[in-house]
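This report describes the pockets of a protein model and the packing of one of its helices. Please consult the sequence and the structure while reading.

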Amino acid sequence: GHYYGEAKLCEMRHEWSKMNYYQAMSLIIPILLHGVYDFAASSVEPLLSVIFLCYVIILDVIAFLSVRRYARQDVSV
């Protein structure tokens with residue numbers, strides 16, 4: 001959602017090259033993150049289970065901090 005939102009902002013500013021970059025990232029990043037998630041979650045290897053747990057915790061912390069930071073920067077249009 002972050003990269004898609006950035007692409008929409010760039011579209012409003014007519015920054016076409018940045019918009020294309022963010023649109024591509026809005027597809028590539030979730031695909032890669034979901035692939036790692038599925039791989040670690042479906043593994044029976046104990047080490048990958050620990051990696052999976054750490055991965056989920058790290059993503060949750062990053063998401064929380066990002067939402068908090070962008071909420072502070074948000075302005076009414």
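## Terms and basis

Contact means that heavy atoms lie within 4.5 Å. Helices (H or I, at least four residues) and strands (E, at least two) are DSSP runs, numbered from the N terminus.

The model is predicted, so local features need pLDDT of at least 70 and side-chain atom pairs count only at pLDDT 80 or more, whereas totals for chains, interfaces and linings use all residues. Residues are numbered from 1 along each chain as its sequence is written, and side-chain values use heavy atoms, with hydrogens and water left out.

## The buried side of H1

Glu6, Ala7 and Cys10 are the buried residues of H1 (buried means under 20% relative accessible area, with a 1.4 Å probe and protein chains only). They cover an arc of only 105° around the axis, which places them on the same side of H1; the arc is that of the directions from the helix axis to the C-beta atoms. An α-helix has 3.6 residues a turn, so residues three or four places apart point the same way.

The buried residues of H1 pack against H2 and H3. After H1 comes histidine 14, whose phi is positive, near 60°.

## The largest pocket

A pocket is an open set of points on a 1 Å grid over the protein atoms alone, where a 1.4 Å probe fits, with protein on both sides within 12 Å along at least five of seven lines; lining residues have an atom within 4 Å of a point. The largest pocket has a volume of about 430 Å³, a volume being the space filled by probe spheres set on the points, which are joined across faces, edges and corners. Its lining has 16 residues, of which His2, Tyr3, Leu33, Ile62 and Ser66 are the closest to the centre.

Helices H1 (2-12), H2 (16-41) and H3 (46-73) each give two or more residues to this lining, and H3 gives the most, with seven residues.

## The second largest pocket

The second largest pocket has a volume of about 270 Å³. Among its 11 lining residues, Gly5, Glu6, Leu9, Tyr70 and Asp74 lie nearest the centre. H1 and H3 each supply at least two residues of this lining, and the largest share, six residues, comes from H1.

## Serine 26

Serine 26 is found in helix H2. A polar atom of its side chain lies 2.6 Å from the backbone oxygen of glutamine 23. Leaving aside neighbours within four places in sequence, serine 26 is in contact with Tyr3 and Tyr4.

Definitions and conventions: Buried means under 20% relative accessible area, exposed over 50%, partly exposed in between (1.4 Å probe, protein chains only). A polar contact is a pair of N or O atoms within 3.5 Å; within protein, one must be able to donate a hydrogen and the other to accept it, and residues adjacent in sequence count only if both atoms are side-chain atoms.
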